[in-house]
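Hi everyone, thanks for coming. Let me put the sequence and the structure up, and then we'll walk through a few spots together.

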Amino acid sequence: MPSIGDSLRQRREQLGLTLEEAERVTRIRSQYLEALERDDLDAIPSPVQARGFLKNYSDYLGLRTEEVLRQYTEQKGAARKTIPLLRTQPRRDGAAPPRPIRRRWFSMDLVVAAVISLGILALLVWGAGRLMASLRERTEQAQESSGFLIATTTASPTASATAIPDEPVPAAAIETSEPSPTSTLPPLPLPSGRVTLRLIAQQRTWIRVLIDGRQQFQGRLLAGDVLDYAADRLIEVSTGNGAAVRVLWNGQDTGLMGALDEVVTRLWTSVAVLTPTPTITPTVSASPPPTATPPASPTAPGGPG
């Protein structure tokens, strides 16, 4: 029984065809066609391609394709499980059957997609963090600005009582009225002596410090910051959050300056702690003199009725 290669070559020569003509029709390179006719199937890249080339070439030459493939399978070894043959119509295009695609779980495309996804996720997390930090900073700045305005505003209300007379006031009363006295509070008796103060920030807050009437610090403190000051007579401290500042006065822990979010101003001397209060300046206005009431005219007895 002739081999596969002999059958292919003899049939091509009977038809008077050359390898170049068979290559143009089957689209199989002439070197592979020549390898099939020599029974050198190992020269073909894979068994699947060899099987496809045999099928297309035998269809082109008009041979019994199933017989050629069966003979090829027997040559590869009868002990190996054979691939079932598919009864198909002869193909003239010479296209080799496609290779089976094996799915691999780990591929370069998967790595690139994972890296891009992680990058996008990191960018979103970073952007959200920056946005939250910006909103928190704006809120704190607004609170500190509000605390600063309240702390630096000095309340000096003036109580005035002005009577609106129903009748015109005589000129004499206006001329004789004395200027309205203004009551003033005596200056604070501040003792002389060295006073020391340590300020420990418990939370983030705004603070202002005056030493003997001169400003030494004004700004924002962070939790854990410590400020030490010494004065000859007086230290004044203002803050927008009393619960954020702990005070050590002359080495003694006096606790927090106030409650949470309370605007507090304290003055420390060598012997006392003072809390300033707003000064009220009363104003006395002149009141109109009372109007004399004319007496009733007497009626003579026995007069006409």
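This is a predicted model: local features need pLDDT of at least 70, side-chain atom pairs count only at pLDDT 80 or more; totals for chains, interfaces and linings use all residues.

Residues are numbered from 1 along each chain as its sequence is written, and side-chain values use heavy atoms, with hydrogens and water left out.

Back to α1. Its buried residues are Ile 4, Gly 5, Leu 8 and Arg 12. Looking down the axis of α1, these buried residues fall within an arc of 100°, so they line one face of the helix; the arc is taken from the directions from the helix axis to the C-beta atoms. Remember that an α-helix has 3.6 residues a turn, so residues three or four places apart point the same way. The buried residues of α1 pack against α2 (19-26), α3 (30-37), α4 (47-61) and α5 (65-76), with contact meaning heavy atoms within 4.5 Å. Helices here are DSSP runs (H or I, at least four residues), strands likewise (E, at least two), both numbered from the N terminus. Just after α1, Gly 16 takes a positive phi of about 70°.

Now to the charged pairs. The whole structure has 11 salt bridges, each one a side-chain nitrogen of Lys or Arg within 4 Å of a carboxyl oxygen of Asp or Glu. One of them joins Glu 140 to Arg 204, with the closest N and O atoms 2.6 Å apart. Glu 140 sits in helix α6 and Arg 204 in the loop between β2 (195-201) and β3 (205-211), so this pair ties together parts that are 64 residues apart in sequence. Arg 204 counts as partly exposed because its relative accessibility is 34%.

Another pair is Arg 194 with Asp 232, at 2.5 Å between the closest N and O atoms. Arg 194 lies in the loop between α7 (171-176) and β2, and Asp 232 in the loop between β5 (226-231) and β6 (235-239), 38 residues apart. Arg 194 is exposed, at 54% relative accessible area, whereas Asp 232 is partly exposed at 45%.

That's my tour, so over to you for questions!

Note on methods. Buried means under 20% relative accessible area, exposed over 50%, partly exposed in between (1.4 Å probe, protein chains only).
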